[in-house]
Amino acid sequence: MAVLIANCSAVLAWLSSFIGRLVRVAPLQVPASILASLCSQVFQIVAFLLPLKVMILLGSHGVPGYFPRFLEGIERERLILLLSVAAALLYMMHLLMDFIGATFARAGSDRLIVQRQEGEALTKQQKIALSCYRGVITIAGGSIFALGVLSFLGWSNGQLLAVVLGYFASCFLLAELVFTWRPALLEKAIAQFPRLIDVLSACGFLLVFGFLVRSFLYGEAKGLLMGILILLLCRQMFSRLAMALKSIERLYGQRERALLVLGGQQIGVFDEEEDGDESFRDPLERTDEFAAGPVGLLDGGGGEALLRRREQGQPDFWGVVAPEHCVTWVREVLSAAGVTTREMHIEQLDGGRKGELTLHLACAGAGQSAEHFLFKAFNRQETKRVNRAATLLTLYPGQAAVRLRAVIERDGFAAHLYDWAEQASPLDNVQVVYACREQAFIESCAWQVPEALVVTCQPGSLVERCSPALWARCQVFSRWLDADIRESVDAFAAVPFRLQSALGELPLRLYNPDITLGNTYVLKDSLKALRWESWTLEPIGSGWPLELGLERLDQVFAHARESSEELHALSALQVRLAALAFAFEERCAQWAYLSAFALLGELRDTLDALEC
């Protein structure tokens with residue numbers, strides 16, 4: 001039960017924070033909208049109840065005795081006319097309250113927009129703001145209405161109140177038992193949440209209806225009109241609760257994309273009525289310059305998934321070189337690298353990039369066992385990118401990289417030759433990829449980057465990215481969250497260069513962001529990363545997989561410090577700070593602000609401990 005309660009508590013904590021922010025920016029419109037919504041519901045119920053009385057009067061010869069006493073002195077025909085007019089007027093009041101509520105909703109939702117855009121972007125902002133505002137009003141109005149109905153049941157029918165509360169408790173307990181017994185069902189329940197809520201709402205109403213029928217059969221009911229009123233109220237209560245729960249699920253599921261749009265960030269076309277919007281892609285599935293579509297957002301999910309590059313399929317490289325000369329061309333390139341090609345078997349692999357050819361070659365001389373190579377050829381547009389990786393791999397002694405045997409330029413194409421294995425395939429185990437990252441981190445600690453590589457390093461290290469602009473961006477989104485997060489972000493923003501100064505004291509080390517699923521292989525019992533084109537130099541500790549834990553980082557760094565004089569002056573807290581700051585900035589860059597803000601506490605505590 002602790003797990004289910006914790007999950008519900010997290011959702012409710014975020015919801016209360018969001019509603020609190022909404023009340024602060026629209027203190028008049030929110031209460032007025034809730035009041036208009038409640039009045040509309042009450043007018044609607046009474047407007048539907050009065051026609052029932054009219055139908056009863058039409059089927060009787062006089063005013064029935066179970067009608068309220070103040071109606072007994074009115075003539076039957078006059079009473080029918082009065083109730084009909086009252087029903088029409090109340091229904092008009094119901095429509096009027098809806099109109100007033102919509103007016104307040106438009107005015108209040110406009111206050112949600114932090115940074116107003118122009119044109120279509122502003123229209124999109126207004127649409128999402130109105131959707132969020134209406135969702136909050138639906139939740140608040142439904143909750144208050146349900147509390148009112150439960151209070152009315154406590155006054156009029158205590159037994160029915162106990163039945164309804166017991167139904168709510170049994171649903172919660174049954175869900176806990178089922179999800180504990182079969183955790184896989186939780187994912188299916190979340191996927192079908194709206195339908196599941198509708199079924200539970202209908203079952204609750206049927207339970208109330210059955211209890212009322214039983215009460216009438218056993219003579220325990222307090223009157224027909226009271227029974228009809230209770231039935232209508234309970235029907236509306238279950239309906240409003242279902243709408244509120246679905247609104248909570250919708251708001252929470254789209255919380256981060258909504259915050260982005262309300263904050264004025266341009267993230268592509270957004271239609272909140274379409275669940276299959278392709279404009280928003282998982283930030284954990286990053287794309288490169290050849291991938292289709294922009295990168296979108298969703299909650300980072302704690303970083304439990306690894307980056308996977310989605311790239312378009314490679315072109316027919318054999319069409320670039322005349323087919324009758326293909327094998328000859330490959331043999332000539334291998335000969336230039338000093339590889340015997342008397343017996344050669346070629347297997348074409350999925351290179352995954354445009355303008356790139358990947359071959360698995362098994363080459364052998366007379367009476368010799370076969371040697372296995374990975375042969376990669378690139379067109380002219382790819383040459384600059386891959387040459388940057390070649391510059392690194394010719395100097396890098398680490399075991400986390402596939403060994404580069406040769407780099408050859410021929411006929412305008414760059415060709416790289418790597419040591420390979422007979423059986424090699426990309427890993428699909430996240431934990432093994434974490435192990436490869438750990439291995440690369442250990443090797444980078446012990447390897448001082450040559451000056452020749454420092455000159456060719458891409459600009460924009462972590463120190464530069466943790467600028468005041470980062471904290472200004474975080475402040476925009478923290479305004480929609482709880483007070484603790486706002487205070488933490490404001491504390492960093494008040495001294496924007498504090499983190500930069502601490503990170504600037506750390507030595508730079510090699511970091512490869514492409515140690516990911518699909519790019520990590522096992523070759524002769526060793527973990528190897530194939531792609532190194534995107535390597536950067538970052539403060540030591542950057543890129544450490546937080547999934548392995550900070551305690552593990554302390555142990556690894558303590559062992560690495562024993563073998564390096566340069567690292568003796570560093571403390572484990574400094575390395576921790578770089579790991580946390582890197583993860584925080586990376587999640588912010590991926591628009592996973594909720595996930596990034598979860599690291600603020602540890603980041604603040606580590607920085608405070610370092611400065612003591």
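Me: At 6% relative accessibility, does G365 count as buried or exposed?
Reply: This is a predicted model, in which local features need pLDDT of at least 70 and side-chain atom pairs count only at pLDDT 80 or more, while totals for chains, interfaces and linings use all residues. Residues are numbered from 1 along each chain as its sequence is written, and side-chain values use heavy atoms, with hydrogens and water left out. G365 lies in the loop between β2 (356-364) and β3 (371-378), where helices (H or I, at least four residues) and strands (E, at least two) are DSSP runs numbered from the N terminus. Buried means under 20% relative accessible area, exposed over 50%, and partly exposed in between (1.4 Å probe, protein chains only), so G365, at 6%, counts as buried.

Me: Which residues does G365 touch, not counting residues up to four places away in sequence?
Reply: The C-alpha atoms of G365 and M344 are separated by 8.9 Å, although the two are 21 residues apart along the chain. With contact taken as heavy atoms within 4.5 Å, and residues up to four places away in sequence not counted, G365 touches T340 and R342.

Me: How many helices and strands does the secondary structure of the chain come to?
Reply: The chain has 612 residues, of which buried residues make up 47%. Of its contacts with a separation of 6 or more, 70% are between residues 24 or more positions apart. Its secondary structure comes to 21 helices and nine strands.

Me: Which residues is L603 in contact with, leaving aside its neighbours within four places in sequence?
Reply: L603 is one of the residues with the most contacts inside the largest nonpolar core. Neighbours within four places in sequence aside, its contacts are W471, F492, L499, L577, L580, A581 and F584.

Me: How many residues does the second, separate core have?
Reply: Among the members of this core are L392, A401, W420 and Y521.

Me: Which residues is N157 in contact with, leaving aside its neighbours within four places in sequence?
Reply: N157 is found in the loop between α4 and α5 (158-181). Its relative accessibility is 18%, so N157 counts as buried. Its contacts, with those neighbours left aside, are F152, F211 and I230.

Me: Which element gives the most to the lining of the second largest cavity?
Reply: On a 1 Å grid over the protein atoms alone, a cavity is a set of points where a 1.4 Å probe fits but cannot get out, and lining residues have an atom within 4 Å of a point. The second largest cavity holds about 180 Å³ of space, and of its 18 lining residues the closest to the centre are F441, L510, Y511, N512 and S542. Two or more lining residues come from each of α12 (430-446), β6 (508-511) and β9 (536-539). The most, four residues, comes from α12.

Me: Which residues is S444 in contact with, leaving aside its neighbours within four places in sequence?
Reply: S444 is placed in helix α12, and at 4% relative accessibility it counts as buried. Its C-alpha atom and that of P397, 47 residues apart along the chain, are separated by 9.6 Å. With neighbours within four places in sequence left aside, S444 is in contact with R509 and L510.

Notes. Core = buried A, V, L, I, M, F, W, Y, C linked by side-chain atoms within 4.5 Å. 1 Å grid on protein atoms, 1.4 Å probe; cavity = no way out; pocket = protein on both sides within 12 Å on 5 of 7 lines; lining within 4 Å. Points joined across faces, edges and corners; volume = space filled by probe spheres on them.
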